[in-house]
Amino acid sequence: MYLFLKYFKKRIAQQTPIEQRVSYGILSGSVGLGSNLILFILKIMIGLFSGSISIITDAINNLSDMLSSGLTVIGFKMAGKKPDHEHPYGHERSESISGLLISIVIMFVGLQFVKSSLDKIISPSALRLNTTVYVILVISIILKLAQVYFYRLIGKTIDSPTLIATAKDSLNDVFTTIAVLLSAIIQASTGWHLDGWVGLGVAIYILFSAASLIRTFINDLLGHQPGHELVEKMDDLLQTYDDILGFHDLLIHQYGPNMIFASVHVEFDSNWTLNQAHHVTDKIEHDFWHQAQIHLVCHIDPIDINNQKYAKIYEAVQAVIKHYELGLTTHDFHVEELVNGDKLIQFDVVVPEHITTNDDELLVSINHDLRKILGQVTAEITFDHNYIGDDHSLI
Ligand SMILES: [Zn+2]
Ligand SMILES: [Zn+2]
């Protein structure tokens, strides 16, 4: 297997990193498809021959693995398919849709086998066990162990959470089949009717894996919190630009593992020309695409860093905000002098996820507290409930 992978690596050496990822994904899916099909056929045969409900249920478990492998192949193929006129955001979510449908089917099959196992517990029957049955169970344990090794290796090579999860699932299957084998041996030597109970255990295991898959696919479709690593990667990359003063309001939209759209507010010295700022944002967007395959759009926020006149107002705002001890932060700070001499203070307040205080209440009390310090001022506040990343604003 190691030699085969070495050969495969050599063969795809000419491809781009994205193409290599697709090739590895399709390879692992195809291997899973083939090996799980073999496992299913072998086990369903000995299951029907011996009349063991636990072996048949275990075979069905392999059938569901085969379907997910097929899905992996389709998923990686789709990821390689370019966006088109009708689907400008690509086709990667089709993997979640077919995955959801398959998981629901698996769930019904699991329920069916819970029922069959219960029947078997109520009215147990003798099993026809012979050497072939044992040998095939042992072979299937070895094959599953090989899958664990294979998925782990490729999963680490292309850094794919899906494949690493598949490796974990295969390892669980190893234990399942060991349980089936042990129960067959015990039943044959002692006559205890364990078959129905082990079948029930395997069926419940199928139900749980199907439920957790359904959850994952629904989360993918609804749009979930982007992975911590992705946010950190973007933060790190943004922090490498010395020309910008800070950034905030990072938003990420994912249409699949390889289709990432993002936007961020980037802070510039307000004395810069529009051309200067645009030049830098263009470079940032370009870098994000070439270094991380992320479609980033930057919004430009001018910051008046040399204005001493409003320093006192800024400090008052910070003092008021800190005083609440809610972990609030601010950005996009602007002061406007109105015709009647009053001051309009505009800024955004980032409200952490766990804070339940109402925005309107906060607005009223911030205004109230600011007037106590500054006199006749009005604060116009935009409340940000951004659940992604930290605030990296200058002020
Ligand atoms: Zn902003
Ligand atoms: Zn532009």
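Here is a chat about a predicted model of a protein chain.

Visitor: Hi! What does the protein chain average in pLDDT?

Guide: Hello! This is a predicted model, and the protein chain averages a pLDDT of 85, with 96% of the residues scoring at least 70.

Visitor: And which elements have the lowest and highest mean pLDDT?

Guide: Helix H1, residues 2-11, has the lowest at 73, while helix H9, residues 274-292, has the highest at 93.

Visitor: Let's go to charges. How many salt bridges does the count come to?

Guide: The count comes to seven. One of them is in helix H9, between Lys 283 and Asp 287, where the closest N and O atoms are 3.0 Å apart.

Visitor: Where do those two sit relative to one another in helix H9?

Guide: They are four residues apart in helix H9, so about one helical turn separates Lys 283 from Asp 287.

Visitor: What network do they belong to?

Guide: Asp 65, Lys 144 and Asp 173 are joined into one network by salt bridges that share partners.

Visitor: Changing topic: which residues form the nonpolar patch on the surface?

Guide: Phe 175, Ile 178, Leu 182, Ile 185, Ile 186 and Trp 192 form this patch, and together they have about 580 Å² of accessible area. Among them, Ile 186 lies in helix H6, residues 161-190, and is partly exposed at 32% relative accessibility.

Visitor: Now the open sheet. What is its strand order?

Guide: The order is E4-E5-E6, three strands with mixed pairing. The twist from one strand to the next averages 15°.

Visitor: Why is one side of strand E4 and of strand E6 left without a neighbour in the sheet?

Guide: Strand E4 (329-337) and strand E6 (377-384) stand at the edges and each has a single partner strand, so one side of each has no neighbour in the sheet.

Visitor: How many bridges join E5 to E6?

Guide: Eight bridges join strand E5, residues 343-350, to E6, and the two run parallel. If you want a spot to look at, Val 349 stands opposite Phe 383 in E6.

How values were computed
Residues numbered from 1 in each chain as written. Chains lettered and ligands numbered in written order. Predicted model: local features only at pLDDT ≥ 70, side-chain atom pairs only at ≥ 80, totals over all residues. Heavy atoms only, no water. Patch = residues over 30% accessible without salt bridge, like charges linked within 9 Å, V, L, I, M, F, W, Y side chains within 5 Å. Areas by Shrake-Rupley, 256 points an atom, 1.4 Å probe, with all protein chains shown as cover. Salt bridge = Lys/Arg side-chain N within 4 Å of Asp/Glu carboxyl O. Buried < 20%, exposed > 50% of the residue type's maximum accessible area, 1.4 Å probe, protein only. pLDDT = per-residue confidence, 0-100. Pairing = 2+ DSSP bridges. Axes fitted to C-alpha atoms, helices over the stretch in contact; angles between N-to-C directions.
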